[in-house]
Amino acid sequence: MGRIFVVDLEGRTYKCKFCKTPLALADELVSRAFHCRRGKAYLFNNAANITVGTLEERMMQSGMHTVADIFCCCCGQIVGWKYEAAHEKSQKYKEGKFVLERGRIVDGVESEFYIDTHPTMSDAEDA
């Protein structure tokens, strides 16, 4: 095992709910209208302080994608997934982006999240 180095993010951040490690900057937020098995999720351009799991093919509501689960580098909890490849042209914008599950992150500034009552699109695994 090696030593864990945590990248300090400057600005408003979203943190791991379990250990408060910063995972993403609010400025990197692309969409709040995603869904996962456990509820709502957010799409980010970038994420930090994570480890990436094994690639696998998953059928999502928006089609087949190659994804990898992502884990907090400090506590090891699963916090979402990374899109590696989209098989449909209309979904290519997701490639290289990260989804953080809202129930597994906290806002670094506020204790409550903004709740979008009119989501325009979603993506979830068929369960």
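The largest nonpolar core of this predicted model has 14 residues, and Y14, L23, F44, I70, V79, L100 and I105 have the most contacts inside it. A core here is a set of buried Ala, Val, Leu, Ile, Met, Phe, Trp, Tyr and Cys residues joined through side-chain atoms within 4.5 Å; buried means under 20% relative accessible area, with a 1.4 Å probe and protein chains only. Two or more residues each come from strand 1 (13–16), strand 2 (22–25), strand 4 (39–44), strand 6 (63–72) and strand 8 (98–101). A second, separate core holds nine residues, among them F34, M60, W81 and Y83.

As for the overall layout, the protein has nine strands and zero helices (DSSP runs numbered from the N terminus: E, at least two residues, for strands; H or I, at least four, for helices). Of its 127 residues, 43% count as buried. Among contacts (heavy atoms within 4.5 Å) between residues at least 6 apart in sequence, 50% join residues at least 24 apart.

Then there's Q91, which sits in the loop between strand 7 (78–86) and strand 8. Q91 is buried, because its relative accessible area is 10%. Leaving aside neighbours within four places in sequence, Q91 touches S62, H65 and A86, being in contact with each of them.

Residues are numbered from 1 along each chain as its sequence is written, and side-chain values use heavy atoms, with hydrogens and water left out. Since the model is predicted, local features need pLDDT of at least 70 and side-chain atom pairs count only at pLDDT 80 or more, while totals for chains, interfaces and linings use all residues.

Notes: Buried < 20%, exposed > 50% of the residue type's maximum accessible area, 1.4 Å probe, protein only.
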